[in-house]
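Let's take a friendly walk through a protein model, one feature at a time. Have a look at the structure below before reading on.

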Amino acid sequence: MYNRKERRETEKKLGLFRELSKMSRSQRDEVKFNKRRAGEQIHLSNVQELENKKIQDEAELYAKTLQSLIESGKTYEEAETVVKRNTELEEARRKKLSERREKQNNQSSSSVNKNN
């Protein structure tokens, strides 16, 4: 996604791609700050793109599942109920897995602390 080439192109566009050794201390600090801020903005836009794609994929899956249930003979209300129930079950499963992982991480970190 975000690699060195993209970062360099972005820095050139923003005028941040200059040799730091030829600058004064205050200029270097300012350039570093601007690079960090630009990197954060790029990161946020990438995260936002991923979230939007995930939402769009989920909406498409919802529509496809709903359509297939309707084609199999269910009414719209029945199909919607089935899809909502499946979504709730999937969310409950994800929550349970994350809690289990969290618990394992806490146990492993506490055992590491005991060994130290």
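Helices are DSSP runs of H or I with at least four residues, numbered from the N terminus. This is a predicted model, in which local features need pLDDT of at least 70 and side-chain atom pairs count only at pLDDT 80 or more, while totals for chains, interfaces and linings use all residues. Residues are numbered from 1 along each chain as its sequence is written, and side-chain values use heavy atoms, leaving out hydrogens and water.

Now turn to the charged side chains. Side chains of opposite charge can pair when their charged atoms come close. Such a pair is called a salt bridge when a side-chain nitrogen of Lys or Arg lies within 4 Å of a carboxyl oxygen of Asp or Glu. The structure holds five of these salt bridges.

Find Glu90 in helix H3, where Arg94 sits four residues away, about one turn of the helix. The side chains of Arg94 and Glu90 meet in a salt bridge, 3.3 Å from N to O. Shared partners in salt bridges join Glu90, Arg93 and Arg94 into one network. Between Arg93 and Glu90, the closest N and O atoms are 2.6 Å apart.

How accessible is Arg94? Arg94 has 46% relative accessibility and counts as partly exposed, a label for values between buried (under 20% relative accessible area) and exposed (over 50%), using a 1.4 Å probe and protein chains only. Glu90 is partly exposed too, at 27%.

Note on methods: Helices (H or I, at least four residues) and strands (E, at least two) are DSSP runs, numbered from the N terminus.
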